[in-house]
Amino acid sequence: MHTKQIGKNLYLIDLETGGYKNFIGSYVIKTTKKTILIEPGPTNSIPTLLHGLEELKINPKEIDTIALTHIHLDHGGGTGTLLKHLPNAQVLAHPRGVPHIINPEKLWESSQLVLGFISEIFGKPEPVPENKVTSIIEGTINLDNDNQLTIFETPGHAAHNLSFHESFNNGIFPGDAAGTYFTEFNTTTPTTPPPFYLEATLTSINKLISYHPSMLYYTHFGKADDAVRRLRGYKAQLLMWNKIVQEAVQQNQTFEQIIERIFTEDPTMNQLSTFLRQHKIYAKTTIDNSLHGFVEYVKKTQTK
(Lines give C-alpha, C1' and ligand atoms only; values in the text may rest on other atoms or scores of the structure.)
Protein backbone atom coordinates (compact mmCIF):
# COMPACT_ATOMS: atom_id res chain seq x y z
CA MET A 1 0.00 0.00 0.00
CA HIS A 2 1.31 3.43 -0.91
CA THR A 3 -1.85 5.35 -0.04
CA LYS A 4 -3.22 6.65 3.23
CA GLN A 5 -5.86 8.93 4.62
CA ILE A 6 -4.23 11.98 6.19
CA GLY A 7 -7.26 14.05 7.15
CA LYS A 8 -10.99 14.43 6.71
CA ASN A 9 -11.81 13.70 3.06
CA LEU A 10 -8.10 13.85 2.23
CA TYR A 11 -5.76 11.14 0.93
CA LEU A 12 -2.07 10.94 0.02
CA ILE A 13 -0.61 8.74 -2.73
CA ASP A 14 3.14 8.12 -2.67
CA LEU A 15 4.18 8.03 -6.33
CA GLU A 16 7.52 6.39 -5.52
CA THR A 17 9.07 8.19 -8.50
CA GLY A 18 12.38 6.69 -9.58
CA GLY A 19 11.95 4.06 -6.89
CA TYR A 20 12.17 6.65 -4.09
CA LYS A 21 9.53 6.61 -1.38
CA ASN A 22 8.56 9.87 0.36
CA PHE A 23 9.73 11.88 -2.65
CA ILE A 24 6.66 12.95 -4.69
CA GLY A 25 3.08 12.78 -3.50
CA SER A 26 -0.31 13.29 -5.10
CA TYR A 27 -3.33 14.26 -3.02
CA VAL A 28 -7.02 13.50 -3.41
CA ILE A 29 -9.86 15.46 -1.85
CA LYS A 30 -13.04 13.39 -2.00
CA THR A 31 -16.51 14.51 -0.91
CA THR A 32 -20.01 13.52 -1.93
CA LYS A 33 -19.98 16.43 -4.41
CA LYS A 34 -16.38 16.73 -5.63
CA THR A 35 -13.30 14.61 -6.24
CA ILE A 36 -10.17 16.69 -6.80
CA LEU A 37 -6.68 15.43 -7.58
CA ILE A 38 -3.88 17.80 -6.58
CA GLU A 39 -0.47 17.29 -8.22
CA PRO A 40 -0.51 14.37 -10.69
CA GLY A 41 3.29 14.22 -10.61
CA PRO A 42 5.56 13.22 -13.52
CA THR A 43 4.65 11.16 -16.57
CA ASN A 44 6.55 8.04 -15.53
CA SER A 45 4.65 7.90 -12.22
CA ILE A 46 1.14 7.93 -13.69
CA PRO A 47 0.81 4.09 -13.52
CA THR A 48 1.57 4.26 -9.78
CA LEU A 49 -0.95 7.09 -9.36
CA LEU A 50 -3.65 5.08 -11.13
CA HIS A 51 -2.87 2.10 -8.94
CA GLY A 52 -3.18 4.36 -5.91
CA LEU A 53 -6.63 5.46 -7.03
CA GLU A 54 -7.58 1.78 -7.26
CA GLU A 55 -6.35 1.24 -3.69
CA LEU A 56 -8.53 4.14 -2.58
CA LYS A 57 -11.46 2.69 -4.55
CA ILE A 58 -11.77 5.92 -6.52
CA ASN A 59 -13.12 5.51 -10.04
CA PRO A 60 -11.10 7.72 -12.42
CA LYS A 61 -14.39 8.91 -13.90
CA GLU A 62 -15.26 10.47 -10.51
CA ILE A 63 -12.36 12.93 -10.66
CA ASP A 64 -13.65 16.24 -11.98
CA THR A 65 -10.62 18.46 -11.28
CA ILE A 66 -6.84 18.16 -11.59
CA ALA A 67 -5.25 21.08 -9.73
CA LEU A 68 -1.62 21.97 -10.51
CA THR A 69 0.40 24.11 -8.12
CA HIS A 70 2.80 24.65 -11.03
CA ILE A 71 3.81 22.92 -14.25
CA HIS A 72 7.33 21.66 -13.47
CA LEU A 73 7.74 18.02 -14.52
CA ASP A 74 7.70 16.62 -11.00
CA HIS A 75 4.39 18.34 -10.20
CA GLY A 76 2.39 18.47 -13.41
CA GLY A 77 4.39 16.71 -16.13
CA GLY A 78 2.08 13.70 -16.13
CA THR A 79 -1.13 15.69 -16.64
CA GLY A 80 -1.54 14.95 -20.35
CA THR A 81 -0.96 11.24 -19.81
CA LEU A 82 -3.31 11.11 -16.82
CA LEU A 83 -6.16 12.82 -18.69
CA LYS A 84 -6.43 9.80 -20.98
CA HIS A 85 -7.74 7.93 -17.94
CA LEU A 86 -9.81 10.77 -16.41
CA PRO A 87 -12.47 11.58 -19.02
CA ASN A 88 -14.40 14.02 -16.82
CA ALA A 89 -11.51 16.01 -15.36
CA GLN A 90 -10.73 19.67 -16.00
CA VAL A 91 -7.20 20.96 -15.35
CA LEU A 92 -6.65 24.09 -13.24
CA ALA A 93 -3.35 25.92 -13.80
CA HIS A 94 -1.84 29.38 -13.61
CA PRO A 95 -2.22 31.27 -16.92
CA ARG A 96 1.58 31.59 -17.21
CA GLY A 97 1.85 27.81 -17.18
CA VAL A 98 -1.09 26.96 -19.42
CA PRO A 99 0.68 27.40 -22.80
CA HIS A 100 3.43 25.04 -21.66
CA ILE A 101 1.11 22.19 -20.76
CA ILE A 102 -0.87 22.57 -23.98
CA ASN A 103 2.38 22.49 -25.95
CA PRO A 104 5.08 21.08 -23.63
CA GLU A 105 8.01 21.00 -26.08
CA LYS A 106 9.76 24.06 -24.60
CA LEU A 107 9.05 22.80 -21.09
CA TRP A 108 10.67 19.49 -21.94
CA GLU A 109 13.69 21.12 -23.58
CA SER A 110 14.31 23.48 -20.65
CA SER A 111 13.79 20.65 -18.15
CA GLN A 112 16.41 18.56 -19.91
CA LEU A 113 18.86 21.47 -19.69
CA VAL A 114 18.19 22.20 -16.02
CA LEU A 115 17.59 18.70 -14.68
CA GLY A 116 19.75 16.55 -16.97
CA PHE A 117 19.27 12.83 -16.28
CA ILE A 118 16.48 13.56 -13.79
CA SER A 119 14.21 14.72 -16.62
CA GLU A 120 14.40 11.17 -18.00
CA ILE A 121 13.42 9.76 -14.59
CA PHE A 122 10.37 12.03 -14.62
CA GLY A 123 9.48 11.36 -18.25
CA LYS A 124 8.47 13.51 -21.22
CA PRO A 125 5.17 15.37 -20.78
CA GLU A 126 2.31 14.78 -23.20
CA PRO A 127 0.16 17.69 -24.42
CA VAL A 128 -3.00 18.64 -22.54
CA PRO A 129 -5.97 19.42 -24.82
CA GLU A 130 -6.72 23.13 -24.73
CA ASN A 131 -10.40 22.54 -24.02
CA LYS A 132 -9.48 20.63 -20.86
CA VAL A 133 -7.61 23.53 -19.24
CA THR A 134 -8.93 26.38 -17.10
CA SER A 135 -6.61 29.29 -16.29
CA ILE A 136 -6.88 30.54 -12.73
CA ILE A 137 -5.00 32.91 -10.43
CA GLU A 138 -7.42 32.99 -7.52
CA GLY A 139 -10.84 31.62 -6.69
CA THR A 140 -12.76 29.02 -4.72
CA ILE A 141 -14.22 25.58 -5.35
CA ASN A 142 -17.14 24.43 -3.23
CA LEU A 143 -16.37 21.00 -1.78
CA ASP A 144 -19.63 20.50 0.05
CA ASN A 145 -22.24 22.71 1.72
CA ASP A 146 -19.82 24.22 4.24
CA ASN A 147 -16.27 23.69 2.93
CA GLN A 148 -14.20 24.97 0.06
CA LEU A 149 -10.84 24.88 -1.66
CA THR A 150 -9.33 28.37 -1.97
CA ILE A 151 -6.84 29.05 -4.76
CA PHE A 152 -4.26 31.84 -4.60
CA GLU A 153 -0.92 32.88 -6.13
CA THR A 154 2.37 32.18 -4.35
CA PRO A 155 5.20 33.01 -6.78
CA GLY A 156 8.91 32.80 -6.01
CA HIS A 157 10.00 29.22 -6.63
CA ALA A 158 8.19 29.65 -9.93
CA ALA A 159 6.41 32.72 -11.25
CA HIS A 160 3.33 30.56 -11.83
CA ASN A 161 3.10 28.78 -8.46
CA LEU A 162 -0.39 28.44 -6.99
CA SER A 163 -1.33 27.26 -3.50
CA PHE A 164 -4.58 25.71 -2.32
CA HIS A 165 -6.23 25.97 1.11
CA GLU A 166 -8.75 23.30 2.12
CA SER A 167 -11.12 24.14 4.94
CA PHE A 168 -11.87 20.60 6.16
CA ASN A 169 -8.56 20.33 8.00
CA ASN A 170 -7.30 23.91 7.66
CA GLY A 171 -4.43 22.76 5.50
CA ILE A 172 -2.51 24.25 2.55
CA PHE A 173 -0.99 22.64 -0.52
CA PRO A 174 1.91 25.05 -1.20
CA GLY A 175 3.54 23.36 -4.17
CA ASP A 176 7.16 24.43 -3.75
CA ALA A 177 6.39 27.81 -2.16
CA ALA A 178 7.25 26.45 1.30
CA GLY A 179 10.33 24.43 0.41
CA THR A 180 10.96 20.69 0.44
CA TYR A 181 9.84 18.71 3.49
CA PHE A 182 11.78 15.63 4.59
CA THR A 183 9.39 13.39 6.49
CA GLU A 184 12.11 11.23 8.00
CA PHE A 185 13.85 14.28 9.52
CA ASN A 186 10.77 16.48 10.09
CA THR A 187 12.58 19.43 8.55
CA THR A 188 12.55 21.64 5.46
CA THR A 189 15.10 22.90 2.96
CA PRO A 190 14.91 25.64 0.32
CA THR A 191 13.89 24.81 -3.22
CA THR A 192 15.18 27.79 -5.17
CA PRO A 193 16.16 26.82 -8.73
CA PRO A 194 16.87 29.55 -11.27
CA PRO A 195 15.25 31.91 -11.96
CA PHE A 196 14.65 32.49 -8.24
CA TYR A 197 13.03 35.59 -6.71
CA LEU A 198 13.63 36.01 -2.98
CA GLU A 199 11.32 38.99 -2.41
CA ALA A 200 8.41 37.26 -4.14
CA THR A 201 9.08 34.08 -2.17
CA LEU A 202 9.07 35.91 1.17
CA THR A 203 5.83 37.68 0.22
CA SER A 204 4.29 34.33 -0.68
CA ILE A 205 5.33 32.82 2.65
CA ASN A 206 3.65 35.73 4.44
CA LYS A 207 0.52 35.06 2.40
CA LEU A 208 0.60 31.40 3.43
CA ILE A 209 0.99 32.44 7.08
CA SER A 210 -1.98 34.83 6.78
CA TYR A 211 -4.29 31.82 6.35
CA HIS A 212 -3.19 30.54 9.80
CA PRO A 213 -2.99 26.96 8.52
CA SER A 214 -2.71 23.99 10.84
CA MET A 215 -1.16 21.71 8.22
CA LEU A 216 1.02 21.89 5.13
CA TYR A 217 0.74 19.25 2.42
CA TYR A 218 4.04 19.13 0.57
CA THR A 219 4.34 17.58 -2.86
CA HIS A 220 7.89 16.83 -1.67
CA PHE A 221 6.72 15.23 0.66
CA GLY A 222 3.78 14.61 2.92
CA LYS A 223 1.78 16.24 5.69
CA ALA A 224 3.52 18.47 8.23
CA ASP A 225 1.82 20.01 11.26
CA ASP A 226 2.62 23.19 13.19
CA ALA A 227 2.39 24.98 9.87
CA VAL A 228 2.80 28.60 10.94
CA ARG A 229 5.95 27.91 12.96
CA ARG A 230 7.32 25.87 10.08
CA LEU A 231 6.66 28.65 7.57
CA ARG A 232 8.36 31.22 9.79
CA GLY A 233 11.31 28.89 10.13
CA TYR A 234 11.51 28.49 6.36
CA LYS A 235 11.47 32.25 5.93
CA ALA A 236 14.37 32.57 8.40
CA GLN A 237 16.28 29.84 6.57
CA LEU A 238 15.95 31.66 3.24
CA LEU A 239 17.27 34.85 4.83
CA MET A 240 20.19 32.88 6.27
CA TRP A 241 21.03 31.47 2.83
CA ASN A 242 20.83 34.95 1.37
CA LYS A 243 23.31 36.29 3.93
CA ILE A 244 25.71 33.38 3.42
CA VAL A 245 25.59 33.59 -0.37
CA GLN A 246 25.94 37.39 -0.39
CA GLU A 247 29.08 37.20 1.73
CA ALA A 248 30.48 34.36 -0.37
CA VAL A 249 29.86 36.16 -3.67
CA GLN A 250 31.47 39.34 -2.32
CA GLN A 251 34.51 37.24 -1.37
CA ASN A 252 34.62 35.68 -4.87
CA GLN A 253 34.25 32.18 -3.45
CA THR A 254 33.69 29.30 -5.85
CA PHE A 255 30.37 27.54 -6.18
CA GLU A 256 31.83 24.50 -4.40
CA GLN A 257 32.96 26.73 -1.52
CA ILE A 258 29.47 28.23 -1.26
CA ILE A 259 27.97 24.74 -1.06
CA GLU A 260 30.31 23.82 1.78
CA ARG A 261 29.46 27.05 3.62
CA ILE A 262 25.74 26.27 3.36
CA PHE A 263 26.28 22.77 4.76
CA THR A 264 28.45 24.14 7.55
CA GLU A 265 26.47 27.23 8.58
CA ASP A 266 22.88 26.04 8.07
CA PRO A 267 22.11 23.54 10.87
CA THR A 268 19.37 21.87 8.82
CA MET A 269 21.62 21.30 5.83
CA ASN A 270 24.31 20.02 8.17
CA GLN A 271 21.83 17.54 9.60
CA LEU A 272 20.79 16.38 6.12
CA SER A 273 24.26 16.43 4.58
CA THR A 274 24.83 12.70 4.17
CA PHE A 275 21.25 12.02 3.07
CA LEU A 276 21.21 14.77 0.43
CA ARG A 277 24.64 14.02 -0.99
CA GLN A 278 23.79 10.33 -1.39
CA HIS A 279 20.30 10.87 -2.86
CA LYS A 280 20.50 10.60 -6.65
CA ILE A 281 17.83 13.26 -7.26
CA TYR A 282 18.10 15.59 -4.26
CA ALA A 283 21.85 15.91 -4.80
CA LYS A 284 21.00 17.57 -8.10
CA THR A 285 17.86 19.52 -7.13
CA THR A 286 18.23 20.54 -3.48
CA ILE A 287 21.98 21.10 -3.59
CA ASP A 288 23.05 21.98 -7.12
CA ASN A 289 19.96 23.62 -8.65
CA SER A 290 18.77 25.43 -5.52
CA LEU A 291 22.21 26.89 -4.79
CA HIS A 292 22.63 27.95 -8.42
CA GLY A 293 19.29 29.77 -8.21
CA PHE A 294 20.36 31.60 -5.07
CA VAL A 295 23.80 32.51 -6.43
CA GLU A 296 22.30 33.86 -9.66
CA TYR A 297 19.76 35.88 -7.68
CA VAL A 298 22.45 37.40 -5.43
CA LYS A 299 24.73 38.26 -8.35
CA LYS A 300 21.88 40.02 -10.15
CA THR A 301 20.87 42.03 -7.10
CA GLN A 302 24.47 43.01 -6.31
CA THR A 303 25.04 44.36 -9.82
CA LYS A 304 21.93 46.59 -9.77
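This is a predicted model: local features need pLDDT of at least 70, side-chain atom pairs count only at pLDDT 80 or more; totals for chains, interfaces and linings use all residues.
I take helices (H or I, at least four residues) and strands (E, at least two) as DSSP runs, numbered from the N terminus. Residues are numbered from 1 along each chain as its sequence is written, and side-chain values use heavy atoms, with hydrogens and water left out.

**Entry 1**

I looked up the largest pocket, which holds about 690 Å³ of space. A pocket here is an open set of points on a 1 Å grid over the protein atoms alone, where a 1.4 Å probe fits, with protein on both sides within 12 Å along at least five of seven lines; lining residues have an atom within 4 Å of a point. Of its 34 lining residues, I noted His72, Val114, His157, Pro193 and Pro194 as the closest to the centre. At least two lining residues come from each of α2 (73–76), α5 (105–115) and α11. α5 gives the most, six residues.

The second largest pocket has a volume of about 200 Å³. Among its 13 lining residues, those closest to the centre are Thr187, Thr188, Gly233, Tyr234 and Thr268. β13, α8 and α10 are the elements that give two or more residues to this lining, and α8 gives the most, with seven.

**Entry 2: helix α10**

I then listed the buried residues of α10 (residues 267–278): Thr268, Met269, Leu272, Ser273 and Leu276. Buried means under 20% relative accessible area, exposed over 50%, and partly exposed in between (1.4 Å probe, protein chains only). These buried residues pack against β12 (180–182), β13 (187–189), α8 (227–250), α9 (255–265) and α11 (282–302), contact meaning heavy atoms within 4.5 Å. At the start of α10, I found a side-chain oxygen of Asp266 within 3.0 Å of the backbone nitrogen of Thr268.

**Entry 3: Thr183**

Thr183 sits in the loop between β12 and β13. I record Thr183 as partly exposed because its relative accessibility is 35%. The side chain of Thr183 reaches the backbone oxygen of Phe221 at 2.9 Å. Its C-alpha atom is separated by 8.0 Å from that of Ala224, 41 residues apart along the chain.

**Entry 4: strand β3**

Five of the six residues of β3 (residues 25–30) are buried, so I note this strand as largely enclosed by the rest of the structure. β3 runs antiparallel to β2 (residues 10–14), with five bridges joining them; strands pair if DSSP finds at least two bridges between them. Tyr11 stands opposite Val28. β3 also pairs with β4 (residues 35–38) in the antiparallel sense over four bridges, and there Tyr27 has Ile38 as its bridge partner. A hairpin of four residues joins β3 to β4.

Definitions and conventions: A polar contact is a pair of N or O atoms within 3.5 Å; within protein, one must be able to donate a hydrogen and the other to accept it, and residues adjacent in sequence count only if both atoms are side-chain atoms. Grid points are joined across faces, edges and corners, and a volume is the space filled by probe spheres set on the points.
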